[in-house]
Amino acid sequence: MSEIHGMSQRGGSVSSQVRYGSEVQSPVIEAGTADIIVAFEKMEAMRYINYLKPNGKVIVNDKEIWPMPVIIGKAKYHSDIIGELNKLADVTVINASQLAEELGNEKVTNVILLGAIVKAMGLDHIDWDQIIANNVKKKFIELNQIAIKKGMDLV
Amino acid sequence: MKKLFTGNEAAARGAWEAGVKFAAAYPGTPSTEILENLALYDEVQTEWAPNEKVAVESVAGASIAGVRSLACMKHVGLNVAADPMFTFAYLGVNGGSVILTADEPGMFSSQNEQDNRHYARAAKMPMFEPSDSQETKDMMINAFDLSEEYDVPVLFRMTTRVDHSKSIVNCEDRKDVPDKPYEKNIPKYCPMPAFTGDMQKKLYGNLEKLKDFSNHCKWNYIEDNHKKLGIIASGVAFRYAKEVFGNDASYLKIGFSHPLPMDLIKVFASKVETIYVLEENDPIMETEIKAAGVQCIGKDKFPQMGELLPERIRLAAFGKTQETIKPNPKAVVGRPPALCAGCPHRGFFYELSKLKNTMIFSDIGCYTLGALAPYNATDACICMGASISGGHGVSQALKLKNEDMNVVSVIGDSTFFHSGITSLLDASYNKSSYLTVILDNRITGMTGHQQNPGSGYDLKGNKAPISDIENICRAINITNIRTIDPNNLQEMKDALEWGIQCDGPAVIITRWPCALKRLSEEDKQEFPEVFTQKYHVDMDKCIGCKKCIGTGCPSLEFGRVEDRKMNITESCVGCGVCSQVCPVDAIIKG
C-alpha cells in the first residue's frame, strides 16, 4: 500500500494505492493497470483515470468539492464529469456522502464506499462486521456496520 | 508476530529491537512518523529537537556517553545537520549511532530533490538503502551493529515511497544491548589538528574494510534469471524494476550502497550481456561502476529527475507504456493545496497582499501557500529560517541601491525556533530596518501537529516549559514588537502599517491556534471561543459582489446554492474573516 498524504487537509488531491497478491514487488500501481478506482470526488476520478486498466471499474462518489481555482473564479468545474467518465470507462455512481449524512455522520462516507468496492471485487464473503468491530471505537461500530452494508447493496 | 507496517513504523521498530535508547529528530515529510512511532516505546528517550543540527549533536553526545542513538530527518534537514555529521564520522561512536535521511524523489512536499547518497561519499560514511518495510527493520538492526563494529555513525537512506508504503514485517523482541562505559579519550573525541590526522586515517581505512562487508553482506545479492539483461538497482527502484522486467532480467540488488560492492558488480557484469543501472535521481552508482571499467546504461536511458516509477522505466526501456485511458483535460482542474478554513494565516495574507511596494520573503511551512492565488503574497522563499535573514539581505541591498521598498519576512513559530532566531539576531545586530511577522499557530502545522519549544508539551505529551517568542525577540534587542489576533482584520492592518514604518527591525507575532489543532487546556483558556461557531450568508442581503472570495477560503462557494449568491459550506469553523470583508454585512455569525 502506498499513499501520498499531507495535502488533503489543505484542499489538495490525495491518492492511496493498494496492491495485493501472492507476490507484490512495487508498492505503487503502474499507470494503466489498476483493477478498480474508487473516487471520493468526481473530478478526482477523471484526474486518475489513466491508472485504470482498459476494462477496469470506477466507483465514484457523486460529490463535488471545488478546488481553489474554481472558488476564486479562475476555472470552471465541468458540468457533466459523470457523463465524460461514462464515455471512458465502466462507472458506478454512488451518492455516498448523502447516504452518510442520512445515517447521521458524513464521516462514514468512506465505509459506504468501502462496502461498494468490497462487493465489486467479490470480497463480500469476508466477515467485515468483525473487522469493523476490531478497528473502530465502540460507539461507532454499529454505524460503520450499517454503512458498509449500505455500500454493498449499491453495487 | 507479523504486522503491516509503513517503512517509517518499521524503522522505529528496527531501532527499538536494536536496543536504541536515545532518539532525536525535527519533523519533516516524509520522515516525521519515525520518531512519533518510536515515542510509543517506553524504553526510548525520544525528543523533538529544535532543528536537525541539534538532533544530530545530541545523538552524537548520547553515543559518546555509551548508548545506542538515532537521528531522523528529511533530506534537506541533513543539510542543516551536515556540520556535526561530517566530524561525528571522524570521532566515531561509543554506543552505535544511525543518522536517517528520508529523501523525496518527486518532491511531494519539499523544496528540492537532492540525492543524499552524495553525503555518504562526502562524509565517508557507510550507507544502507532499504526497498521495503521488512528490509527497513532488518537493516536498521544491522546498521547499529555495524556502527559499533566499525566505530562510525551510519547513514540510512529511505525515500518517500519506502517511508509511506505499508508491507508485512516480522517483528521480534528487543535486543538486550548493554550500555557502553564512557571513558575519557581526548584523541578520539576532540578533533583538534593534533588528532584529526589519525581520525581521518581510521575513517578512510574503515571504508576499505567496508568494501569487503559490502561485497559479502546479505543486502547485496544476485538473482540469476537471464543472460541478456542484468539490472543493478537500489531502493524502491529495485521493486519497480522487478514489476517491469520480471524474470526477463537478472538482478543485482544493492541494499548496502556505500561503499559499493564493486567485486560483486564485476562478477555480475561477467554473467550478463547488457547492464541497466536503475537508481532514483542522480547517476551515483552508474558513475562509480563506469569508473571501475564496467560498461552499463543508466541516465542516458532512464530519467534522473522525479521518481523512477514503473511506467517511466517501461517507457524508457521499451519505448511505450501500458495502454492507458486518457483523461478529458477539459474536465480536470488543478487542485493546489490551500490554507484551510479557519486558518489563522488567512487574515494575515489578506491584509499583507494589499500592501503596495512590498517585497515579501517567506519560509517553509503552510504559509508558503501565501504565494498562491488569491494572495500572491510572496516574492521569494529558500529554506527554513531564510525568510528573516533573506529579508535582511534584501533590506540592506535596497539601502545600497537607494530604493524605497517595504520588506516583510514571514515565518512560523516552529520554523522560528528551528533557525529563525539566529536570523533575527543578524537583523538586530546589523541594524536592519524591516518587518518580520511570526505566525504563531501554537503548533508545528505543516507536518501534522508536532509539539515544539513554544507549544508547552514534548514529544511524549508531557508538559514542557514554553519558550515565549516575544521574550526571545526582546532578548536579542528587538524593541518594536506587537502580538495580535490575525483574525481581526483592522488590528492586522494597523499592525502591518505600524511595522513597515518602524525605525529598526520590527516583529509582529500573530497568535491564534491552527484550525486543525487538538487544543490543549492552555489553548482553551487563552482562546475560549475559538472554532465554536459557524457563519452563514443572508441571501437577501448578499449582492454577489464576490469580495469575500478574496480571502481565499475553501468554505466559500459562489452561485452553487442560489444563482449569483455566495454560500458558506459546512467546513466553516467561524474565523469571521469573510464577514469583516463583506461590504453589506451579509455574512452573519450562527
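Residues are numbered from 1 along each chain as written, and chains are lettered from A in the order written. Because the model is predicted, local features need pLDDT of at least 70 and side-chain atom pairs count only at pLDDT 80 or more, while totals for chains, interfaces and linings use all residues.

**Exercise 1.** Find which residues have the most contacts inside the largest nonpolar core.

*Solution.* A nonpolar core joins buried Ala, Val, Leu, Ile, Met, Phe, Trp, Tyr and Cys residues through C-beta atoms within 7 Å; buried requires 20 or more other C-beta atoms within 10 Å of a residue's own. The largest such core has 206 residues, and B:Ala25, B:Ala55, B:Ala71 and B:Leu100 have the most contacts inside it. Next, follow B:Ala71: beyond four places in sequence, its contacts include B:Ala24, B:Val59 and B:Ile99.

**Exercise 2.** Decide where the "binding site" cysteines of the UniProt record lie relative to one another.

*Solution.* The unreviewed UniProt entry lists B:Cys553, B:Cys572, B:Cys575 and B:Cys578. They span 26 residues in sequence, yet no two of their C-alpha atoms are more than 10.6 Å apart, so they gather at one spot. Now check burial: B:Cys572 is buried with 21 C-beta neighbours inside 10 Å, and B:Cys578 is buried with 26. Finally, beyond four places in sequence, B:Cys578 touches B:Cys553, among others.

How values were computed:
Buried ≥ 20, exposed ≤ 12 C-beta atoms within 10 Å, placed from the backbone. Contact = placed C-beta atoms within 7 Å. UniProt positions renumbered as here; feature names shortened; annotations may be inferred.
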